[in-house]
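Please look over the sequence and the model below before reading on. The paragraphs that follow lead from the whole chain to its sheet, its helices and a few single residues.

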Amino acid sequence: MIKRTLNLSGRLYDLSRPLVMGIVNVTPDSFYPDSRVQGETALRQRLEMIVTEGGDLVDLGAYSSRPGADEVSAEEEMLRLAPALKILRDEYPELPISVDTFRSSVARWAVEEYGVSMINDISGGTLDEAMARTIAELQVPYVLMHMRGTPQTMQSMTQYDDVATAVADFLIERVGQLYELGVHDLIIDPGFGFGKTLEQNYELLSQLPQLKSTLGLPLLVGLSRKSMIYRLLEISSPEALNGTSVLHTLCLERGADILRVHDVLEARQCVRLVEQLRRSSKHNASEHLSLSRATSLTSNNG
């Protein structure tokens, strides 16, 4: 059975309707230039856009994880996060906050000082051995993502016998360790673009239903405007919105519960369209069943 709810700061979210997570990067070097937010005015504008366009939660990151990104100290990461966290806490108290960090010290600080709802760890705990125990102590939902190496080395570590099996094995092992420590709310993320070739990303996307059913956990996907889209289409990340929407739709059909996105409005539209299709499919199935029963009864009476 797949877990269908998520507890964010005491509020229970029903994942039968997929959630849209709006990205806020307080970094100078994220791969998509328009996602970089500098200064309080720009930050307020970005947050207002996420809320207005229907975002369910915000994912705040201060360490760029693009391939070859510069190293940033924990102190610098917290310095970048603090102004945004203060605005979110004071002006958007009902908006759940996820912090994108692989450092246990940053995770603890964000939760204890600012009431952050969730931690999104690109390394799945491999870059900080204290992260798993810290999450167990904090008792907040944890996004467990697959990545090999570090942001600086991951693109040289793309050798797999079978990428989907390797990702599943990693997640199964880490989930077991977290359960043993008493972590309850886990979300899995296959890590599109993190230590995978373009072809491996699409192979992984095709296997999402099997991955989700194997783990039995909510599934987050983060492929918004990534190179698996713009390199294949021979365009740039600013031109990759249409391709992103196509893949978001496919991911929703394959079981995605949370879309981590740059473009909230378009992602919310994808969710609405797929939800309508699901409702229509259920209605048609019910109509077909009723018709079949009626036909059977008529045949028997005849």
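Among contacts in the protein chain between residues at least 6 apart in sequence, what share joins residues at least 24 apart? The share is 70%, where contact means heavy atoms within 4.5 Å. This is a predicted model, in which local features need pLDDT of at least 70 and side-chain atom pairs count only at pLDDT 80 or more, while totals for chains, interfaces and linings use all residues. Residues are numbered from 1 along each chain as its sequence is written, and side-chain values use heavy atoms, with hydrogens and water left out.

The protein chain has 10 helices and 10 strands; helices (H or I, at least four residues) and strands (E, at least two) are DSSP runs, numbered from the N terminus. Of the 302 residues of the chain, 53% count as buried, a term that means under 20% relative accessible area, with exposed meaning over 50% and partly exposed in between (1.4 Å probe, protein chains only).

Strands of a sheet pair through backbone hydrogen bonds, either parallel or antiparallel. Here eight strands form an open sheet in the order β8-β7-β6-β5-β4-β3-β10-β9, with parallel pairing, and two strands count as paired if DSSP finds at least two bridges between them. Its edge strands are β8 (186-189) and β9 (220-221), each of which pairs on one side only. Within this order, strand β5 (residues 97-100) is joined to β6 by three bridges, and V99 stands opposite I119 of β6. Strand β6 (residues 118-121) in turn pairs with β7 in the parallel sense over three bridges, and the bridge partner of N120 in β7 is V143.

The C-alpha atom of V24 is separated by 6.0 Å from that of D59, although the two residues are 35 apart along the chain.

Helix α2 (residues 74-91) lies across β4 (57-61) and β5, and runs at about 155 degrees to β4; axes are lines fitted to C-alpha atoms, for helices over the stretch in contact, and angles run from 0 to 180 degrees between N-to-C directions. Helix α3 (residues 104-114) has as its buried residues S104, V106, A107, W109, A110, V111 and Y114, and what covers them includes α2, β5, β6 and α4 (131-138). After α3 comes G115, with a positive phi near 70 degrees.

At what angle do helix α6 (residues 198-206) and helix α7 (residues 208-215) pack? The angle is about 60 degrees, with the axes 4 Å apart, which makes α6 oblique to α7; angles under 35 degrees count as roughly parallel, over 145 as roughly antiparallel, 65 to 115 as roughly perpendicular and the rest as oblique. The contact is made by L204, L205 and S206 of α6 and L208, P209 and Q210 of α7. The buried residues of α6 are Q200, N201, L204 and L205. They cover an arc of only 140 degrees around the axis, so they are on the same side of α6, the arc being that of the directions from the helix axis to the C-beta atoms. These buried residues pack against α5 (163-181), α7, α8 (227-233) and α9 (241-253).

Most residues other than glycine have a negative phi. Strand β1 (residues 5-8) is joined by four bridges to the antiparallel strand β2 (residues 11-14), and in this hairpin, which has two residues between the strands, S9 takes a positive phi near 55 degrees. S9 is exposed, with a relative accessible area of 54%. E234, in the loop between α8 and α9, likewise has a positive phi, near 60 degrees, and counts as exposed at 73% relative accessibility.
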